[in-house]
Amino acid sequence: MKKTLILCSAALLFSATSCVDSLKDYNVDPKSATNVQGATLVSGAERRLVRELTSTNVNQNPFRLYVQYWTETTYLDEANYDFETRTINRNFWAEMYVGVLTNLKEANRVIAADNTLDAKVKANQQACSEILAVYAWSTLVNTYGNVPYSEALDFAKPTPKYDDAATIYTDLFKRLDAALASLDPTAAGLGSADLIYNGSISKWAKFGNSLKLRMALTIADVDAAKAKTLAEQTVGKVFTANTDNAALAFTSASPNTNPLFEDLIQSNRKDFVGTSFFIDQLNAVNDPRLPYFFKLKPNTTVYAGGTAGSTSPYSSFSAPGTALENPTLPGVLQTYSEVEFLLAEAVARGFAVTGTAESHYNAAITASILSFGGTAADAATYLAQPKVAYATAAGDYKQKIGTQKYYALYDNPVEAYKEVRRLDWPKIVAPKSAVSAFPLRFTYPTTEKNLNTASNKAAADAIGGDVVTTRIFWDKF
């Protein structure tokens, strides 16, 4: 009997294996694609970039806490600048490099190799991918300083060198100009795979130029002449309305909901309230965006914030606004309001752009109020206040623009964090229990210190120390 079973088993095994070429045929997942279109890789990068910049998950994005839009109700580590315990600096780094930039590099390779694509369509798709890559690289530099760049994303170079941050910026401008030059509005682009502009090449051209304007003003304190030249090259090519905004519309179905909805509603947690630092400023100028930004303090008719970095019970202060709980709320990369603030600053610095600092300032605030659910009348009333009007608001152009831009960047906390450091307004004081002074950068991840030790040490030495008080190259003051 045993011999018979063995023989039968052997026969079955022979029969089964003789029907296939190799055992690899058993390891094919019919639900996983083996050939991916380059455009869909760009889709994935768009989604992951916007999610990373929009999220308020304390494992990924603490920037609303850093600029003191919000504070925490229970666990206070992140509001007190502790980003090591949860390895936030590692998580942000990994998502930008792996989730965004690696996808975009592979997208460009696949698009280039796709012989079915028309040459102009191929150029457009690669240019859109490149604009997104420049955005991601500039975000990394703005957050860390010197980072792996020229040798990054190369499996043959597992311990890439770190490039000088200013040098990276110089190369990013070249890459951005090349991408913009290759865009052809008469041809198609990424089509429906484009989650930001649904394939509109003219919109991507405006976005690329608006990004160039942002980056030009970013370096204005350290290289005014270069900033002037670059900014002036974008005149007439940037966003001109809220409909131009670079934003990704999320859906009502998981896993493509807005991460704010996931953190504020789906999690069933009540982790955040507004700060008195921010809400008091808005109350002082009767800001019409308050109902969007926050809920009323429970059982009252007022908006009130807690103390940044200190225990602030959810039941005692104004929580983030109901609008932020919408699963389909778009995630923002850049807005028309931001562009108008950049143009206002450019005029104030003496750059040859059209309009006055005041006209652009007014347009920026109006666009912000409209985008957050207000009306043109609300904007006019707001701007008529002496504390808000450009002619009478306190301080120099950096204070006037910096303060109002801080309010308008509420939905874009990563950029808000950069602009607070660059324009130095508003003045943010570290919480009493903070583990450090206000952080001017993220320190490098421990994974880099452990796995890329020599390059990481050289980078730390080059910037004057891998500490949070080391300034990014553009942060002169």
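A helix here is a DSSP run of H or I at least four residues long, and helices are numbered from the N terminus. Keep in mind that this model is predicted.

**View 1. Ala-166 in helix H6.** For a sense of distance, take Thr-392: it sits 226 residues from Ala-166 in sequence, and the two C-alpha atoms are 36 Å apart in space.

**View 2. Helix H6 against helix H7.** When two helices pack, we describe them by the angle between their axes and the distance between those axes. For H6 (residues 165–182) and H7 (residues 201–218), the angle is about 160° and the axes are 10 Å apart. So H6 runs roughly antiparallel to H7, since angles over 145 degrees count that way. The crossing of H6 past H7 is left-handed. Look for Tyr-169, Phe-173 and Leu-180 among the H6 residues in the contact, and for Gly-208, Lys-212 and Met-215 among those of H7. Sorted by class, this contact has 9 nonpolar, 3 polar and 2 charged residues.

**View 3. Helix H5 against helix H7.** H7 also packs with H5 (residues 119–144), at an angle of about 25° and with the axes 11 Å apart. That angle makes H5 roughly parallel to H7, because the cut-off for this label is under 35 degrees. H5, too, passes H7 in a left-handed crossing. On the H5 side, the residues that meet H7 include Cys-128, Ile-131 and Tyr-135, while H7 brings in Trp-204, Phe-207 and Arg-214, among others. The class tally for the contact of H5 with H7 is 10 nonpolar, 5 polar and 1 charged.

**View 4. The two sides of helix H18.** Which residues of H18 (residues 453–462) are buried? They are Ser-455, Asn-456, Ala-459 and Ala-460. These four span an arc of only 135° around the axis, so they lie on the same side of H18. What do the buried residues of H18 pack against? Their partners are strand S3 (162–163) and helix H17 (446–451). After H18 comes Gly-464, with a positive phi near 90°.

Key:
Residues are numbered from 1 along each chain as its sequence is written. This is a predicted model: local features need pLDDT of at least 70, side-chain atom pairs count only at pLDDT 80 or more; totals for chains, interfaces and linings use all residues. Side-chain values use heavy atoms; hydrogens and water are left out. Axes are lines fitted to C-alpha atoms, for helices over the stretch in contact, and angles run from 0 to 180 degrees between N-to-C directions. Angles under 35 degrees count as roughly parallel, over 145 as roughly antiparallel, 65 to 115 as roughly perpendicular and the rest as oblique. A crossing is left-handed if the near helix is turned anticlockwise from the far one by less than a right angle, and right-handed if clockwise. Contact means heavy atoms within 4.5 Å. Ala, Val, Leu, Ile, Met, Phe, Trp, Tyr, Cys and Pro count as nonpolar, Asp, Glu, Lys and Arg as charged, and the others, Gly among them, as polar. Buried means under 20% relative accessible area, exposed over 50%, partly exposed in between (1.4 Å probe, protein chains only). The arc is that of the directions from the helix axis to the C-beta atoms.
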